[in-house]
Amino acid sequence: MIDICVNFLNRQLQADPEMVLSRAEESGVEGLVLCSTDLAMVAANIALCELLGAAKNLQYRTTAGVHPHDASTWDQHSHAQLIKLANNPLVCAIGECGLDFNRNYSTQEEQIRAFQGQIEVAIEVNKPLFVHDRESQGQVLSMLTRPNLPPAVIHCFTGSEDDLRGYLEAGFYIGITGWICDKKRGEDLRTMVKQIPLDKLLVETDAPFLRPQNAPSDFASKHGIAAKWKKRNEPALLAWVVEEVAQHRQESVAQIAQATSNNAKQLFGF
Ligand SMILES: [Zn+2]
């Protein structure tokens, strides 16, 4: 399995980073994409990929970009800075970038400008786009509808059936998180997940967020994780996302693990 979204620098995972990675390996995770949410984080994640990758237990890549929450930091220097970072071979995608009209931590105008800038960078360096879309009402898709666009993944897909249809028609990959395991919020996603072609499916934890609700509640105590972090998500819990996806597609766990791993390798060059 490959976890295509880990917020590894988050302090919840930095409480015991070596153990987080060794549990991931034990659980069958082969590779991780470390997600960057602003340009300062990209350099830190590249350094981590070099350091951790040298041990050769797991493979690491990172994204390079500015999250819609941080879009207000996108200025006239960002384009050139991002191009420079994005040319590093450990950078596998531009993002996460996109629009989040649910939270609006940056203004919608700022979000659109930063996303536009990052789409241009992705085209220029010809690397995939790692996209966040929360309640953009079709605006993410319309901004991505343009010639010469590299492949794109809609990470942590939580949209409507219309959104899904639009993204699949555009040929985009769809990333599924533990949102699908959420008894209430995941209902729509559980019925839609079988519409995603197997060769467009990716799985992710978005750790330390979105802990899969079907994961065992004694996971933390069994692994000696501090009680303070027992509700956090980590890459070792990716198997529970895969299990939920397999169940609702009526396919085997092995099939989903294999296909999503192959897709991630092909898309991100692991
Ligand atoms: Zn996101």
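Helix H9 is followed by Gln250, whose phi is positive, near 55 degrees; here helices (H or I, at least four residues) and strands (E, at least two) are DSSP runs, numbered from the N terminus. The model is a predicted one, in which local features need pLDDT of at least 70 and side-chain atom pairs count only at pLDDT 80 or more, while totals for chains, interfaces and linings use all residues. Residues are numbered from 1 along each chain as its sequence is written.

H9 itself comprises the twelve residues 238-249, and the distance from its first C-alpha to its last is 17 Å, close to the 16 Å expected at 1.5 Å a residue, where the expected span of a helix is 1.5 Å times one less than its number of residues. Leu238, Trp240, Val241, Val242, Glu244 and Val245 of this helix are buried, a residue being buried if 20 or more other C-beta atoms lie within 10 Å of its own, exposed if 12 or fewer, and partly exposed in between, with C-beta atoms placed from the backbone. The packing partners of the buried residues of H9 are strand S1 (2-6), strand S7 (173-176), strand S8 (201-203) and helix H10 (253-268), two residues being in contact if their C-beta atoms, placed from the backbone, lie within 7 Å.

At the level of the whole chain, the protein contains ten helices and eight strands. Its radius of gyration is 17 Å, close to the 18 Å that the globule rule gives for 270 residues, so the protein is as compact as a globular protein of that length; the radius is taken over C-alpha atoms, and the globule rule is 2.2 Å times the number of residues to the power 0.38. Taken along the principal axes, the box filled by the C-alpha atoms is roughly 50 × 40 × 30 Å.

Two helix pairs that share H3 were examined. Two packed helices are described by the angle between their axes and the distance between the axes. Helix H3 (residues 78-86) packs with helix H4 (residues 108-125) at an angle of about 40 degrees, the axes being 10 Å apart; axes are lines fitted to C-alpha atoms, for helices over the stretch in contact, and angles run from 0 to 180 degrees between N-to-C directions. That angle makes H3 oblique to H4, given that angles under 35 degrees count as roughly parallel, over 145 as roughly antiparallel, 65 to 115 as roughly perpendicular and the rest as oblique. The contact involves Ser78, His79, Leu82, Ile83 and Ala86 on the H3 side, and Gly117, Gln118, Val121, Glu124 and Val125 on the H4 side. Helix H2 (residues 39-53) also packs with H3, at an angle of about 10 degrees and with axes 11 Å apart, and H2 and H3 are therefore roughly parallel to each other. This contact is formed by Leu39, Val42 and Ala43 of H2 together with Ser78, Gln81, Leu82 and Leu85 of H3.

For H4, the 18 residues should span 26 Å at 1.5 Å a residue, which agrees with the 26 Å between its end C-alpha atoms. Its buried residues are Gln111, Ala114, Phe115, Gly117, Gln118, Ile119, Val121 and Ala122, and these pack against H3, strand S4 (91-100), strand S5 (129-134) and helix H5 (139-144). H4 is followed by Asn126, which has a positive phi near 55 degrees.

The peptide bond joining Gly95 and Glu96 is cis, with omega about 5 degrees, and Glu96 is found in strand S4. A cis peptide bond, with omega about 10 degrees, also joins Ala207 and Pro208, the latter being found in the loop between S8 and helix H8 (219-222). Asp206 lies in the loop between S8 and H8; its phi is near 60 degrees, a positive value in a residue other than glycine, and with 22 C-beta neighbours inside 10 Å Asp206 counts as buried. Cys156, although not a glycine, has a positive phi of about 45 degrees and lies in the loop between strand S6 (152-155) and helix H6 (161-169). With 24 C-beta neighbours inside 10 Å, Cys156 counts as buried.
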